Amino acid sequence: MTALLLAVPGCKILPEEQPPERGFWLHYEKPAPADELNARFLQDRHLAEFTLTDLNAYVELPHLVTVLAKSCHGEGSGYDPETHRIQLCYDDLTEQRELPAHDDEDLAEVVRETLYHEAGHALIDALGLPDDGARAEEDAADRFAQVALLLHDPEGDETLLAAARAYDLLAAADPTPDPTDEHAPDATRAQSHRCAVYGAFPARHKNLATPPRADCAATWTQTRDTWTDDLAPLLRD
């Protein structure tokens, strides 16, 4: 996996590299002045590089998916099936930084969860999975993030729990869900991640045991098996 680091204060400029023919590939655009801190944060910690390396070790895409880190001016991170491109927005981190009791470690975990979620969209596209509507696809992308992190990352449960805390904080800051948002409400996404973590590792996370989570083991098993079956054509040995 290769990456291009562009001119950001404190960042080394590397020569242009050609993207590979397939797989997840990262490209940094020069940030807007207001986003320089966030761009430096991503690059100094190599968050996207490490995440994409793990994804490329997990699945073999039939085509190239470019992850473009850039200033989006409020447009938001997302996946474009027409261009096979994931847009990772520097300015998304600004909202996360403003959350109370949310430090840089939490922010790093949220970035990783976001990348896995968007990779889920790219894989739904690559696999040609049935189109059951925008909300169903968003839920499926969340579930891919859960499967990839819980099965293939020793600290993936902590990543999901950090993302769940961020969703809780976002829900508290704006408790009325946006009716035009295709994602589940933030509070619902938080509970889904906690359910997956508890379902996968009940002994490790006994503090998550509540009556509403009694069915989380079965829910996790279904999530794991469904995504593992769907991914079979792309899974590496």
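**Close-up 1. Histidine 73 in the loop between β3 and β4.** In this predicted model, histidine 73 belongs to the loop that runs between β3 (64-70) and β4 (78-80). Its relative accessible area is 66%, and because exposed means over 50%, histidine 73 counts as exposed. The phi of histidine 73 is near 55 degrees, a positive value in a residue that is not glycine. Most residues other than glycine have a negative phi.

**Close-up 2. Histidine 46 in the loop between α1 and α2.** Histidine 46 is placed in the loop between α1 (36-45) and α2 (47-58). Here too phi is positive in a residue other than glycine, with a value near 55 degrees for histidine 46. With a relative accessible area of 33%, histidine 46 is partly exposed.

Close-up 3. Helix α4 covers residues 104-127, and its 24 residues reach 35 Å from the first C-alpha to the last, close to the 34 Å expected at 1.5 Å a residue. At the start of α4, a side-chain oxygen of aspartate 103 comes to within 3.1 Å of the backbone nitrogen of glutamate 105, while just after the helix glycine 128 takes a positive phi of about 65 degrees.

**Close-up 4. Histidine 117 within α4.** Histidine 117 is a residue of helix α4, and its relative accessibility of 3% means that histidine 117 counts as buried, because the limit for buried is under 20%. The side chain of histidine 117 makes a polar contact of 2.8 Å with the side chain of aspartate 142. When neighbours within four places in sequence are left aside, the residues in contact with histidine 117 are Glu138, Ala141, Asp142, Ala145, His183 and Arg189.

**Close-up 5. The packing of α5 with α7.** Two packed helices are described by the angle between their axes and the distance between the axes. For helix α5 (residues 134-152) and helix α7 (residues 186-200), the angle is about 35 degrees and the axes lie 11 Å apart, and α5 passes α7 in a right-handed crossing. On the α5 side, Arg135, Asp142, Gln146 and Leu150 take part, and they meet Thr188, Arg189, Ser192, His193, Ala196, Val197 and Ala200 of α7. The residues of this contact between α5 and α7 divide into four nonpolar, four polar and three charged. Asp142, listed here in α5, is the aspartate whose side chain makes the polar contact with the side chain of histidine 117.

Methods: Residues are numbered from 1 along each chain as its sequence is written. This is a predicted model: local features need pLDDT of at least 70, side-chain atom pairs count only at pLDDT 80 or more; totals for chains, interfaces and linings use all residues. Side-chain values use heavy atoms; hydrogens and water are left out. Axes are lines fitted to C-alpha atoms, for helices over the stretch in contact, and angles run from 0 to 180 degrees between N-to-C directions. Helices (H or I, at least four residues) and strands (E, at least two) are DSSP runs, numbered from the N terminus. A crossing is left-handed if the near helix is turned anticlockwise from the far one by less than a right angle, and right-handed if clockwise. Contact means heavy atoms within 4.5 Å. Ala, Val, Leu, Ile, Met, Phe, Trp, Tyr, Cys and Pro count as nonpolar, Asp, Glu, Lys and Arg as charged, and the others, Gly among them, as polar. Buried means under 20% relative accessible area, exposed over 50%, partly exposed in between (1.4 Å probe, protein chains only). A polar contact is a pair of N or O atoms within 3.5 Å; within protein, one must be able to donate a hydrogen and the other to accept it, and residues adjacent in sequence count only if both atoms are side-chain atoms. The expected span of a helix is 1.5 Å times one less than its number of residues.
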